[in-house]
Amino acid sequence: MKRRLLAAAMYAVALFTALVFETPLVFVLVSVSVVSLTVGYRYHSALATFVAGWLVYYPLALVLELLLGPVAAFLAAAAAVTTLSERLGFENELSLVVEAPMGVDTEALGLANRLSAAHMKKLAEFLLIVLAVFVVSVPLAGLTPTAAVVMSVAVILMFVAYAYVRQG
Amino acid sequence: MAPKNKLALCIIIAVSGLLISVVSYSGIGLIAVPLMVFFVLDIGVPWGKPPKSDLRVQRKLGSPKALVDEPVLVELTIMNRGEEIERLTLEDMVPEGAKLVRGSTFLECGLKSGEEATLRYEVSLSQPIELRFGDCGVGVQSAFGLTEEKLALTAPASLRVYPKLLPRKMATGRAKAFTWTGSAPSKLRGGRADFMDIRGYVFGDPFRDVNWRASARLGKKVVNEWSPERGLDCIIVVDLSSENLPVVGDWSARGEVITCTYELASSLVASGNRVGMLILGSTVARIKPGFGSRHLRRMLDQLVNSLPGSVWKVQRIEEFLETFFRTQYRNSGGTLFFISAGISMPLFEAVKTLSTKRFSCTCVFVNTLASEKAAVVREKVVKKEAEEAGIRVARAELDWFELQFETISKVYEWGIDSGFTGIGKVVR
């Protein structure tokens, strides 16, 4: 049920953005996103759901720009699609266990619920950090138009290097 | 920990966003910020070390032995002896042939240090076999599943699946299976057929043989004398060669051949006969003639172990008999039972040759047409209209071969529902 609700929310966001901005680019992005979302839901694929989320990023940012301004809109849209698609992808994967055709025992169900709660907690942490970044980046973006981009490049380079070291 | 596709996707999206930002001078590249937060939160802080997993698995079966179609509980327990694992997937590899009847073979959970989790499911098998459980796949993932360490852990266990012994029995009578008797005295309790005479008691005579009325009349202890019963000395030749074993998709006639053999062997042994066995499959298995339930169990174990093969063929039956059952072969003694699910000319030739050498041969054909039809329908091998025609042709072929075999041996047909059927009569 939770999975259905989340999927419905994602479909609603995608269709809403398509209705607000009736441009060909938005229409294409939303269409592919809906297809990807359906594939992810049907075949329990977290990756397809994640892709579906990111395809709605740009249309959603355009909608939010009308309310929040450019920098905040892009940040808010990115945070929203990451959270929604990650959670739905996780629920899709977990449904392989909890919605197994032959059923599962109470222990497996309990473990799955515990994992689900831990995942939710981690997502909440993620949202908190993004909010902190948001608070810092908006005034910074006010100083120079490219500040946000510079900040992003710095962050990504740092973490790519970190990932490289970590993998090694 | 190896990166998953999701991590690559995150990096591609972030880099693409940045490039578009630089070119278009827009804020689209800000996508990289939440993505990097997402990434760093998942992988851990830069100075943290990746968790070291020390996982162990243990498998427990509800019962090491089961009957065909009987559900067996499988419990796979995973223990974490290392550091805490945020997200873990466990998938058990169910051996080929086993059917999942309850539960899931997939588990997803988080495991703290020292904790354990158990995956439970039930399987059943449609034919007798020894099932060996082995590897299971374990994935140690980060919380958002951006990185994963894949492990293959082994939890060995074996399950032996035996055929069901149907309640029906052949009316073999005391040591008169299929009306032949052999030279060996029957080991059936009692071991006697007809009353012959009375004689004086000799020390060691069984107490139950004392004829008390005659003893009272004659004034001395006398005992009854019986004609000793003769058991059938027989060898069951089981044809499990791939050529003669019908196979449709996952279904094979092996299970029915084994059930038929078990039923026949059980009836013969229960009637006090001496039974030997020769199984022609992937390997040739020989069981010397013997009596009793322990001997029957030995034969059953060999049947369960046997697998279809193409090397050991019925054409060489005479050679096998000469090598493995020298006494019987030399004396042409006892009865040979041939059990096969597919009738072929090589089998006909083999039986004919042995019949001309004074061997008493009996052929039992396992009628698998109904099961085969069900498998054909299930696998959608042929069209609907072709099914009926195919069955009619197969039935006609079976009837024709049975008529040919009747000229050289006794012929019986066995079906899972009908049991043993002789020439126009049911032998049960």
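## Strands β20 and β21 of chain B

Two strands pair if DSSP finds at least two bridges between them. In this predicted model, β20(B) meets that cut-off with strand β21 (residues 419-421) of chain B: three bridges join the two, and they run antiparallel. A hairpin of three residues connects β20(B) to β21(B). Within β21(B), F420(B) is the bridge partner of W414(B).

β20 (residues 410-415) of chain B also pairs with strand β19 (residues 360-366) of chain B. Here the sense is parallel, over five bridges.

## A four-stranded sheet

Chain B holds an open sheet of four strands. Their order is β2-β4-β8-β6, with antiparallel pairing. The edges are β2 (55-61) and β6 (98-103) of chain B; each has a single partner strand, so one side of each lacks a neighbour in the sheet. On average, neighbouring strands of this sheet are turned by 30° against each other, direction ignored.

β2(B) and β4 (residues 72-80) of chain B run antiparallel and share seven bridges. One residue pair shows the link: K60(B) has E75(B) in β4(B) as its bridge partner.

## Where chain B touches chain A

Between the chains, 47 residues of chain B are in contact with 51 residues of chain A. Several elements of chain B each supply at least two residues of the touching side, among them α1 (5-24), β5 (85-92), β7 (106-111) and β8 (116-125). Edge strand β6 of chain B is another. The largest share, 11 residues, comes from α2(B).

What kinds of residue make up this side of chain B? They divide into 32 nonpolar, nine polar and six charged.

Note on methods: Residues are numbered from 1 along each chain as its sequence is written. Chains are lettered from A and ligands numbered from 1 in the order in which they are written. This is a predicted model: local features need pLDDT of at least 70, side-chain atom pairs count only at pLDDT 80 or more; totals for chains, interfaces and linings use all residues. Axes are lines fitted to C-alpha atoms, for helices over the stretch in contact, and angles run from 0 to 180 degrees between N-to-C directions. Two residues are in contact if their C-beta atoms, placed from the backbone, lie within 7 Å. Ala, Val, Leu, Ile, Met, Phe, Trp, Tyr, Cys and Pro count as nonpolar, Asp, Glu, Lys and Arg as charged, and the others, Gly among them, as polar.
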